Amino acid sequence: MDYPFLNACGGVLLIFVIVRCLAFASELWRCRSLMKKLSRMGKPMPAHNALLGHLLEAKTASEELPPGAHSIYILDRISRKMNRAPAYYFDSYPVSTPMLIVTDPYIANQVTNHAAVSTEKPATIKEWFAPISGKGGINLFTQNGQEWKRDHNLFLPFFNNNNLDSAMPIIIEQMLVFRDILRMKAQAGNLFRMEPLTLSLMNDIIGRVVFNADLGNQTSIPHPLSDTMLRQLGLKFRANNVMDNIGQLNPFRVFNMWNNSRILNQHIRAQISKRVDAFRSAKARDEQSAFNSVLDQALESYYSQPGRKQSDPLDSEFLDILCAQLRLFFFAGYDSTSSTMVSCCYLIWRHPEVLAKLRAEHDEVFGRNVAGCPDMISENPPILNSLPYTLAVIKETLRLFPPANGIRTGCKELVLKGRDGTEYPTEGCAVQMNHFSVHRNPEFWPRPLEFIPERFLAGPDDELYPARGAWRVFEYGVRSCTGQAFVMKEVKAFLSIVCREFDFQECYDEVYSGEQIDLTNVDYEKAYLIEHGAAHPRGKFPCRVSLSGYVPGDAR
């Protein structure tokens, strides 16, 4: 019996599979040949296998780490086995494109100062971002050239310092909800996980700041927009990196991700429609809000373009890219900031001398009335600029627990040069600045494993003074993190509210009492970083919280 339609579909499917296999084989050949050529040139890299590249080396390094350790430990482990090579080549295709891993700020600075490379992100990272932002992974993080400049300029006014300061009352409002939850936890006295609370806090802050929407995650059933976005992130980060790549072959998972992404865009478009109506209404009444959300600012920029009328509908192309960018802002603003808050609480309360100095600074700036601190920040946001030690604590936390790495696209014109004269061609590679390795390298950081916020207050003649470009959390150059000032304001406000009122006791030994694991290769860190979007301290930071009983001005 003849089935022409099924035969045609089978033929198309067969052609598709053959094309994909040929493309895979071609790229595999390119990657392995490139590494073989570089190896013959004597360029630094671990032992390379003609078929598997450096996957065997990565497997060996991962087996020397505790369960779930972030992939940055694998790259750092390889670097240490190579006597902390300032840079080395790493071929893990098909997990990722071939990379030059940079662990020396002297070399990293050349990347971010290069006229072309400093602005270019590898095309391959779009696939990683596709489930997060939709639209094939096109967003401000992955865009290049004029496309990136156009969208960057669209959102840039949001990050004006005056607009960020006007957002602080909104942020403080959500942090007071968080404070009340901590008070209840303190009264109960039970062990709990801190990270879900900070994620809910940041979810609500991002809801107001990005969408101008009350998401209500801390106090009620999550808003459908929030619930759908979190489900999307859950589908994306359900497995570690290697399994995540294999998981893309599961048709049910692919469908679930596509369908949830479609629903998420529907929720975002509904919120966009609400804000368009609010924008037109405000313009008709000649009203000007003190604060513009990311979405509101994008609409302001869009309708300010020559030839556009406020009554014009949003064109479909702009609507598509706006949805993608808003999804990126949700993820970027919620995930890594929450991780930083948790890391701060873990480190500060393990170092009583740091906590004492923090509290003393907060006494000096905010006065003896601890309860009055949030109102002071809301009424006078620039007061956060008067907290140099608090800023140093945050920077030192991010040094030890960086949430991500920096990445750029190599090219024929960019040949990096080490301090010893070694040259590193970058054509055909992505260039990754490995923040974890740079930040813990004893060549650039005296006593690198110690928590010493004073590094960032030291003068140039002090041995603790950071080397140029050695602290790279937000990267440098044109593509540095646009939201870095906002993140610092959020975390400074967070610490100002919690540091004097509460005490945290980490409970890793209690939670993992029966676990027999070797922490040697994660620098003996109980809260070693795990993979879940941004890098997060493992175990979601199990702890207990209590009211500190701290008396401002007390010498304790």
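Two strands count as a pair if DSSP finds at least two bridges between them. Keep that in mind for the close-ups below, which come from a predicted model.

**View 1. Strand β8 pairs with strand β11.** β8 covers residues 502–506, and five bridges join it to β11, residues 542–547. The two strands run antiparallel. Zoom in on Phe-504 and you'll find its bridge partner in β11, Val-545. Now, which residues of β8 sit on the covered face, and which on the uncovered one? Phe-502, Phe-504 and Glu-506 make up the covered face, while Asp-503 and Gln-505 make up the uncovered one.

**View 2. Four strands line up in an open sheet.** Reading across, the order is β1-β2-β7-β4, and the pairing is mixed. On average, neighbouring strands here are turned by 25° against each other, direction ignored. Inside the sheet, β2 and β7 (residues 430–433) pair in the parallel sense over four bridges. One spot to look for is Ile-101, which stands opposite Gln-432 in β7. Helix α4 (residues 105–113) packs on this sheet and touches β1, β2, β4 and β7. The direction of α4 makes about 125° with that of β7.

**View 3. Helix α13 packs against helix α18.** Two packed helices are described by the angle between their axes and the distance between the axes. Here, α13 (residues 316–348) and α18 (residues 484–498) pack at an angle of about 40°, with their axes 11 Å apart. That makes the two helices oblique to each other, and their crossing is right-handed. On the α13 side, the contact is made by Thr-337, Thr-340, Met-341, Cys-344, Cys-345 and Ile-348. Helix α18 brings Val-487, Glu-490, Val-491, Phe-494 and Leu-495. Sort the contact residues by class and you get eight nonpolar, two polar and one charged.

**View 4. Helix α5 has buried residues.** Which residues of α5 (residues 125–133) are buried? They are Ile-125, Phe-129, Pro-131, Ile-132 and Ser-133. What covers them includes α9, α11, α13 and the strand β4 (406–409). Just after the helix comes Gly-134, with a positive phi of about 70°.

View 5. Most residues other than glycine have a negative phi, and most peptide bonds are trans. Start with the peptide bond between Tyr-93 and Pro-94: it is cis, with omega about 15°. Pro-94 lies in the loop between β1 (87–90) and β2 (99–102). Next comes Asn-212, which is not a glycine but has a positive phi of about 55°. Look for Asn-212 in the loop between α8 (195–211) and α9 (224–236). Asp-286 also has a positive phi, near 60°, and is likewise a residue other than glycine. Asp-286 is found in the loop between α11 (251–284) and α12 (294–303). How exposed are these last two? Asn-212 is partly exposed, with a relative accessible area of 23%, whereas Asp-286 counts as exposed at 71%. The cut-off for exposed is over 50%.

Methods. Residues numbered from 1 in each chain as written. Predicted model: local features only at pLDDT ≥ 70, side-chain atom pairs only at ≥ 80, totals over all residues. Heavy atoms only, no water. Buried < 20%, exposed > 50% of the residue type's maximum accessible area, 1.4 Å probe, protein only. Axes fitted to C-alpha atoms, helices over the stretch in contact; angles between N-to-C directions. Parallel < 35°, antiparallel > 145°, perpendicular 65-115°, else oblique. Left-handed = near helix turned anticlockwise from the far one by under 90°. Contact = heavy atoms within 4.5 Å. Nonpolar A, V, L, I, M, F, W, Y, C, P; charged D, E, K, R; others polar.
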